[in-house]
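Please study the sequence and the model shown below. The explanation that follows begins with one local detail and then turns to the whole chain.

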Amino acid sequence: MPEQEKPARIYVTRPELPRLADFVPYLQEIWDSKILTNSGPFHERFEQKLCEYLGVKHIALFANATIGLVTALQALRITGEVITTPYSFVATAHSLLWNGIKPVFVDIDPVSLNLDPKQIEAAITPQTTAIMPVHCYGHPCDVDAIRTIADTYGLKVIYDAAHAFGVRCHCGSVLTHGDLSVLSFHATKVFTTFEGGAIVCPDEKIKQRINYLKNFGFADEVTVVAPGINGKMSEFGAALGLLQLEGVDRAFAKRRAIDERYRAGLAVVPGIKCLQPAGELLGNYAYFPVLVQPDYPLTRDALYQKFRDHDIFVRRYFYPLISDFPMYRGMPSAAHGNLPVARKVAQQVLCLPIYPDLAHGEVDRIVDLLRRGGI
Ligand code: T4K
């Protein structure tokens, strides 16, 4: 095929951006005020609008979710051991190591791919102080079962909600569960502020402490109350966030249509299993993971390569497991036999492209490739 006729490269995701012309007045305002960061006017407006949109009480904006996770652990003074999932982006466990906390990996549920509540109790020791589950791919964890365990053993719960922007479960926003939830607004997420993140908090007091921690520990000009970090979101990120909020429901609707098209197309493809929703009343369609089963004509990795040959950049989120990285693999909970479900899923998963502007024709091309066994 001549170069100019080649279809454009397809990525696993692309950010949904507003028209540049619509962003320029926001930039003008920043230029005029010369306030670039440190809780400026866009930061304050965005926090408030975000609370309203998400249906939560308090939000503290962050430079990214990783610093948000690190700070959430500091804010609740978590120490010792924390139970978490091996099946996530590596930032989940890294936030524990950055606080000198030992991650204890527990296997995932084979249907939701979230931390399996049935296996949490057996991993609790006198050193356990918290649970850090992940709403993987935006599918809610079993929040009620996790709450019961946490209450019984006096543990805190910090949700890594990096994927769960806008997701609603049986009792409203999934972000209201646990002691704190941490969102990501990275460029690859359903809602972006370039880089960015947020901690969702239940009350003003904890938000105040988080605000100190994300600003070097400053309580006022001359008082430093904690060894804080610089985790602040800039005015540029907050301005983009404000503008993004206007189009986010439209973006979800487009994602949903793509999700439905994949499901319809793949229903009859032997060996390709789509993940089912995990009880969400409103999903965000952040990812479209499929599991490549042993009866599919190609292995997962051969299929991954076939897609690449067609300039389709599918991804293996989350392979390798976090527990297989060098800084974790010596830990007893990372042992081969301890995480059989996560290990199997990490070998089978492939995340197909999904983003609002992905053409339906491209979805059909991807489905067709899967139907033909990658040929
Ligand atoms: N917890 C969980 C459960 C997470 O998934 C993440 C992040 C975090 C915590 C930490 O959140 P942050 O601290 O980042 O806020 C990406 C992201 O970098 C990462 O944020 C995300 N999870 C993870 C699942 O995916 P990569 O290395 O796969 O990204 P990259 O650069 O290969 O991008 C994937 C595709 O996206 C590209 O092929 C093209 C497209 N893309 C990417 C960027 C950066 C764009 O179109 N524009 C862009 O600017 O990690």
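The sulfur of cysteine 141 has its closest cysteine sulfur in cysteine 136, at 8.6 Å, which is too far for a bond. A disulfide is defined as a pair of cysteine sulfur atoms within 2.5 Å, and the structure holds 0 of them. Cysteine 169 is likewise in no disulfide, the nearest cysteine sulfur being that of cysteine 171, 4.3 Å away. Cysteine 141 is buried, with a relative accessible area of 5%; cysteine 169, at 4%, also counts as buried. Here, buried means under 20% relative accessible area, with a 1.4 Å probe and protein chains only.

This is a predicted model, in which local features need pLDDT of at least 70 and side-chain atom pairs count only at pLDDT 80 or more, while totals for chains, interfaces and linings use all residues. Residues are numbered from 1 along each chain as its sequence is written, and side-chain values use heavy atoms, leaving out hydrogens and water.

Turning to the whole protein chain, 54% of its 375 residues are buried. Its radius of gyration, taken over C-alpha atoms, is 21 Å. This agrees with the value near 21 Å for a compact globule of 375 residues, by the rule of 2.2 Å times the number of residues to the power 0.38. The C-alpha atoms fill a box of roughly 65 × 55 × 35 Å along the principal axes.

Contacts (heavy atoms within 4.5 Å) show how the protein chain is connected. Among those between residues at least 6 apart in sequence, 70% join residues at least 24 apart.

Notes. Buried means under 20% relative accessible area, exposed over 50%, partly exposed in between (1.4 Å probe, protein chains only).
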